[in-house]
Amino acid sequence: MKKFVRIMSVVLCVVLCAAVFAACGNKKSYTANNTEYFIGATGPLTGGAASYGISVQKGATLAVEEINKAGGLNGVNFKFEMRDDKAEAAEAGTGYDTLYEAGMQISLGSVTSGACKSFGAKAKEDNVFFMTPSASEQAVIEIGDNAFRVCFGDPDQGTLAAQQIKDDGFTNVGVIYDSSDSYSTGVYEAFKQKANEIGLTFTEQKFDAENKVDFSTQAGALKDCDIVFMPFYYTEAALFIKASAAKGSTAVFFGCDGFDGIAGQFTATDKPANTIKYITPFDVNSTDAKVSAFVTAFKAKYGEEPDQFAADGYDAVMAIYQAMKTAGVSDVTISASDLCNKAKATITSSSFSYTGATGSMKWDASGACTKSAQIVELD
Amino acid sequence: MAEYVLETKNLGISFGGLKAAQDVNLKIKKNQIYGLIGPNGAGKTTVFNMLTGVYKPTTGEIYLCGERIDGHGQEEINHKGIARTFQNIRLFNNMSVIRNVLVGLSNQPEYKCGLFTSMFRLPRHFKVEKAMRDRAKELLDIFGLLEERNNLACNLPYGKQRKLEIARALATNPKLLLLDEPAAGMNPQETAELMDTIRFVREHFDMTILLIEHDMSLVAGICEEITVLNFGQTLAHGSVEEVLHNSEVIRAYLGDD
Amino acid sequence: MASRKNIKFKYYVSYLIVAVALILFTVLQLTGGLKRSTANLLAEIGYSVILAVSLNLVVGFLGELSLGHAGFMCIGAYLGTLFMKVFSGFIPSQLVCLIISMILGGLCAAFFGFIVGLPALRLKGDYLAIVTLAFGEIVRNLFKNLPWFGGAMGYTSKGYGSTLFIIAFVAILVMLFAVQNLVRSKHGRAITAIRDNEIAARATGINVTYYKLIVFVIAAFFAGVAGVIYANYTTPILYSFFSYNYSIEILVMVVLGSMGSITGSILAASFLTCVNFYLKTHLSGDMAALKYLVYALILMIVVIFGNAPALRSFREKYNPKVLFAKFFKKKPNPAAERNDAGSWDRIPTKIKMDELLTVDVKSNESVQDPDKGEK
Amino acid sequence: MSTLIDGLSLGSIYALIALGYTMVYGIAKMLNFAHGDIIMVGTYAILTTMALCGFPAVAIVMAVIVCTILGIVVEKVAYKPLRGASPLAVLITAIGVSYLLQSIAQLIYGAKPQPVTLINFGHVTFGSTTLNISTLVTLGVAAVIMAGLTVFIKKTKTGRAMLAVSEDRGAAELMGIPVNKVITLTFGIGSALAAAASVFYLLQIPATSPTVGSLPGIKAFTAAVIGGIGSIPGAMIGGILLGVIEKVCMSIPALNPYTTAIEFSLLIVILLVKPTGLLGKKRREKV
């Protein structure tokens, strides 16, 4: 052990010296050596929410490839890098610093809301533009005028769901949400508010990040409901649905955009008879030309069907590209702050709009995006 | 001032149903060397453990200089004035010899020094440290351990470990010193040396000593009074001469024939 | 006396390391030459070192295994943030605010250390370990659910900014001063005596309960301080960070730095944090698992090579002390080397598995075990 | 009622894992921190076998074989060289093994939780209560396994050898008991029990991820300590107690968020009242 301490101290001295040299760098010139436009992002590539991060990464990478194949921006290519944040705020902050020091000029923020708030706070300090594909919490775009999103906001979905359930005439309603996830809590809060407004009563259950595998208690409590609203992600949703089915529930399971991808969680033997439906801006089976072009390209590259997160990632990159093109960016070493000012001005102008895999979008100064939603049923 | 340094009245303990010691009555006068002997399993160490507070006696009372001490914790009993050594030596093996003694000294009122005094190195800390070191060196010198003071205790030879244990016990400034088989594992020459040490301790420190021993030569050589235990009960007690010629004692040691 | 000099040097080398690093990086920071990621790394090193050294006090010096160190850190982090929020209302200086919060956060953690220690220290070895583990889990479960601390989504704190590491390093120096002075006093001797032989310590009049409690409380205090630093480094504070896994990570730092060696703890904590940070920023996606792979391998190889009885002769043969002895023309003197706390493979922690069930909590009561009366 | 059944079935999963902890602890005198991760390996073995051939029975057998072999290999490679070394060294190595298994699983399968369907039993309704058949199966089979284990330890020569080693390793060695073999065997049995636990776990929660074993692992360890570590009936009682308490707490809305706190507080309270756990043997330190 003593020996180890000795070796360690030698290594540490070397590291320390190296750190001192590496530590000296001019803050202003991080982008000076860029030869490509650098789009950075963080997202969960490991951990429970990994599938969303990976989907966004795939979608964004596809977009960057398409752009570069078509000649980039005035002949300058783009590059995209996503750092793992495990959907944790602290990791997203570290990821941001790493990216920023590596020369990131513009960004997709983070994939999940909690992480994106931490990412965004730092991005605001440095004035870095970001267009998050999927961090839907309201607070994300309230960070500053550099914050934009391509997805729905949480409140929109909650309100829509409450109205939909009321309109469909359900009375015995259950809700379950993830109290440790800001997306889930955000949708739930909006749902609750709208439900109270329109006189819809419901039973609620919750869970959190450390108790999201065993749902037998919650399933037991909600097993007599006719419909269960589930504003959270599909991995947990599938477990909850299986647990409910095991308890003999016949309810309709109604989810949000996080449900995209739930089909892959069931096999022929354990797919319950219950109806499963969810709100989404993206329908993989759509016949729309933009959508089918995206789906075909995605399948060709990855051999699997894209989900909504992939589509969001794709659209976010494409929207940034279009904004930069419209703004006439021509200097590859442009600093993040300068690029931010240009992109902001362009994207909020009333003449700017973008149509992609998740529909047609326009932005205002709040950073929110207007687009239409649909409800898809799983067969 | 009470007549006896240590007095026990009907001291007894039972583990479950078994009476490990029963009606032990010891009366030890000041400056005496008192022996507690008996065959294996007679309950000698149990008596020591009761005296030092390791076990709580189920019956009887213990008085140290007239003050009742049974029921107190081990630390408290040590503070009141009983120090001991162990049958299987228990030194602070990973500490140096001098530190072993310093630990023993740390509870003396004259070396009192608060936690924060030490933490923030107030002047009192240095004064106390110096005084303690001087006292420790004195003690080590007496036992001939001064040269080895910076060695680890576990690196000492066996005989010196025994001595160090006694030095550490004396450092707590006791009224009564309990020695648990001090001659165990020693050759006759070492035993003789040990006897000198024990006598010296009595003279030099004005100490009262209670010891457990198997080695009859040692017992006969230095003890003034002896109690013999067998099966937890007092078999005999009196002066060395009386006890060693007591027929019951002989029978207990050598069997019935 | 050569050995004396050696000891002195051993004590001051830890101050030296921290002070040099502090001055060096502070100058860099003030001249604007320090990257933000380096400042972040330094802050991480800062609180890790405090945690490792304070845990070393419990594990290395007192010899009790605690797996709940992250729990005390959790208390410091949450309550420290609360204090920051309260004080920022009427104290304009963020620095003063942070210092007050660090002290108060530490005191709160120390208070809990006292509350937990009082009953828990009656237990020994693994039982104490599992109780401290349970305590850590209870603490974070409570902070997750108590209504004032942001719930399961975490407690949002206001970051201190990139100069945080300077304060963290100053805190390390203060801690070193307190801990080393404590260890090098009669109290420190009493504590190591308890580690070496608890029974003998009791018989020598050491107030074992008092000292155990003191060590626990001091360690908790500094863990709380580290928590406040952590809370100012990252936001929001998430209960999930303070799980027993983190306690174990701190323990690993202590063990690799060799138990009972404060300089060792500082080096190991810095080293592991650097490795961690480097792997974290250079690996992405599922490859991040490589980090734990590397970590696990370092851990196992170091421990097995350092401790396997079968490899003892190998170790002695290739001991750097022996190998370099001829260069220094000085015979290695093990006694002088081992003068103080000793190295960890020699230290008897109270988790003696062989005596594992030998748990006797109140030895001061009559015990129902007839056949062991006389020994 | 259904809460109670749920609790019993969760409890029997904990009990199976706790048995592994307790046996290894009793015999090798070490905390096998990697035990929870053996469960994780079991679930991945099932996942892979199901994907390859689709027969649940084969998957279960496969899980048991893989886990047993893994348990033995880990013991030989990581723990055996340290026999006789400082216990803390063994503990740290166990932590290392735990990290190692998790990271290897993540490198192979990814961190993403994956659904695993073993057998879908469906459910039955008695009057107003609906019961999961898999819950009942878990309860029944776990009871049989535990009874079998008890008989094995009490009645067979090998079982008694294990008891002897846990009582006093040195004496057992002198009596001619092959201590190393017994320890290896203990790891094998403990890991096989973990494999069984992984099967039942998947029946309750049909998904797995590299960290799937840590929480049940630590809960089961708690259960083992509550029951008195080293004691086999203690592990069973502790596991079932903990499982029932967990489910009952979770079903009461006011207590639900504090379930973990309550479970661990229970541990602390029990240890303070009875420092060696419910059925732990009390031994005295020799002075």
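Two residues count as in contact if their C-beta atoms, placed from the backbone, lie within 7 Å. Keep that in mind as you work through this predicted model.

**Exercise 1. Work out the strand order of the sheet that holds S11 of chain A, and find its edges.**

Step 1. Start with the pairing: S11(A) and strand S12 of chain A, residues 359-363, run antiparallel and are joined by 3 bridges.
Step 2. Pick out a facing pair: A:Thr355 stands opposite A:Ser360 in S12(A).
Step 3. Look at the ends. Strands S11 (354-356) and S13 (369-370) of chain A each have a single partner strand, so one side of each lacks a neighbour in the sheet.

**Exercise 2. Find which strands helix H11 of chain A lies across, and its angle to S11(A).**

Step 1. Locate the helix: H11 of chain A covers residues 308-327.
Step 2. Follow H11 over the sheet, where it lies across S11 and S12 of chain A.
Step 3. Read off the direction: H11 runs at about 150° to S11(A).

**Exercise 3. Compare chain D with a compact globule.**

Step 1. List the elements: chain D has 11 helices and 4 strands.
Step 2. Take the box along the principal axes; the C-alpha atoms of chain D fill roughly 60 × 45 × 35 Å.
Step 3. Apply the globule rule. For 287 residues a compact globule would have a radius of gyration near 19 Å, and chain D agrees because its value is 19 Å.
Step 4. Finish with contacts. Of those in chain D between residues at least 6 apart in sequence, 76% join residues at least 24 apart.

Conventions
Residues are numbered from 1 along each chain as its sequence is written. Chains are lettered from A and ligands numbered from 1 in the order in which they are written. This is a predicted model: local features need pLDDT of at least 70, side-chain atom pairs count only at pLDDT 80 or more; totals for chains, interfaces and linings use all residues. Two strands pair if DSSP finds at least two bridges between them. Helices (H or I, at least four residues) and strands (E, at least two) are DSSP runs, numbered from the N terminus. Axes are lines fitted to C-alpha atoms, for helices over the stretch in contact, and angles run from 0 to 180 degrees between N-to-C directions. The radius of gyration is taken over C-alpha atoms; the globule rule is 2.2 Å times the number of residues to the power 0.38.
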